[in-house]
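Dear colleague,

Please find the structure below for your review. My notes on what was found in it follow.

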Amino acid sequence: MRSDAERWNARHAAADDAGPHPPDLLRGREHLLPPGGRALDVACGRGAVARWLAARGFEVDAVDVSAVGLAAAAAPGVRTIEHDLDDGLPPRCTGPYDVVVCQRFRDPRLYPQLTAVLAPGGLLVVTVLSEVGVGPGPFRAPAGELRAAFSGLEILVDVDGGGEAGLVARSAG
Ligand SMILES: C[S@@+](CC[C@H](N)C(=O)[O-])C[C@H]1O[C@@H](n2cnc3c(N)ncnc32)[C@H](O)[C@@H]1O
């Protein structure tokens, strides 16, 4: 069986360059972003979000298993980190981060770590595939998974429907 890295290297190599652009859930909500600081983009892919954050002055750690994706993510202000998230966050990514983004990648084992590395007042943006509106699937979150996982944060945006769930939340300042 091909590894995550092999499968995703092939997909990223075939992809058109995209971005930079904000995380989907921050489109039109850019005012929620802290003014600057450190950011973590988990499973960053080709780094469209990481590069957007760097262009806004954040120092970004961009993590992915795909070397091909990370090569496209490289930009001033972006530190690329090749790492298999099956092993949790990279040991060097202890934070604190003012922004943590994990978009279109779901591993519930990471949820406590995403909260733990947030700075006081830090912003978390997460999107995953969801069962809501489409039915169960191997990579899909059951209804309310994100809300429950991040209930210790102040939830600012909470969407779940049409096969996608997402959350924007802030840690206590
Ligand atoms: C659907 S893409 C999302 C990319 C990016 N976050 C975005 O919103 O465009 C999922 C990403 O997860 C990465 N990925 C898959 N399995 C992984 C693993 N075990 N460890 C680290 N990254 C992984 C893939 O390389 C891919 O870049």
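UniProt positions are given here in the numbering used for this structure, feature names are shortened, and annotations may be inferred rather than shown by experiment. With that in mind, the unreviewed UniProt entry places the feature "domain: Methyltransferase" at residues 40-122. Over residues 40-122 the chain is 25% helix and 31% strand, with the end C-alpha atoms 11 Å apart. Helices (H or I, at least four residues) and strands (E, at least two) are DSSP runs, numbered from the N terminus.

This is a predicted model, in which local features need pLDDT of at least 70 and side-chain atom pairs count only at pLDDT 80 or more, while totals for chains, interfaces and linings use all residues. Residues are numbered from 1 along each chain as its sequence is written, and side-chain values use heavy atoms, with hydrogens and water left out.

Strand β4

Strand β4 covers residues 97-103, and six of its seven residues are buried (under 20% relative accessible area, with exposed over 50% and partly exposed in between; 1.4 Å probe, protein chains only). The strand is therefore largely enclosed by the rest of the structure. Two strands count as paired if DSSP finds at least two bridges between them. Strand β1 (residues 38-42) runs parallel to β4 and is joined to it by four bridges; leucine 40 stands opposite valine 100 in β4. Six bridges join β4 to strand β5 (residues 118-129), and these two strands also run parallel. Here cysteine 102 has valine 126 in β5 as its bridge partner. Together, β4, helix α4 (residues 111-116) and β5 make a right-handed β-α-β unit, where right-handed means that, with the strands pointing away from the viewer, the path from the first strand over the helix to the second runs clockwise.

Salt bridges

The structure holds eight salt bridges, each being a side-chain nitrogen of Lys or Arg within 4 Å of a carboxyl oxygen of Asp or Glu. One of them joins the side chains of arginine 104 and aspartate 24 (2.6 Å, N to O). Arginine 104 lies in the loop between β4 and α4, and aspartate 24 in the loop between α1 (4-14) and β1, so the pair ties together parts that are 80 residues apart in sequence. Arginine 104 is exposed, at a relative accessible area of 58%, whereas aspartate 24 is partly exposed, at 29%.

Arginine 109 forms a salt bridge with aspartate 86, their closest N and O atoms being 3.5 Å apart. Because arginine 109 lies in the loop between β4 and α4 and aspartate 86 in the loop between β3 (78-82) and β4, this pair ties together parts that are 23 residues apart in sequence.

The largest pocket

A pocket is found on a 1 Å grid over the protein atoms alone, as an open set of points where a 1.4 Å probe fits, with protein on both sides within 12 Å along at least five of seven lines; lining residues have an atom within 4 Å of a point. Grid points are joined across faces, edges and corners, and a volume is the space filled by probe spheres set on the points. The largest pocket holds about 1300 Å³ of space. Its lining comprises 40 residues, of which Trp8, Ala43, Gln103, Arg104 and Phe105 lie nearest its centre. The elements that give two or more residues to this lining are α1, α2 (48-55), β5 and β7 (164-170). Of these, α1 gives the most, with five residues.

Yours sincerely
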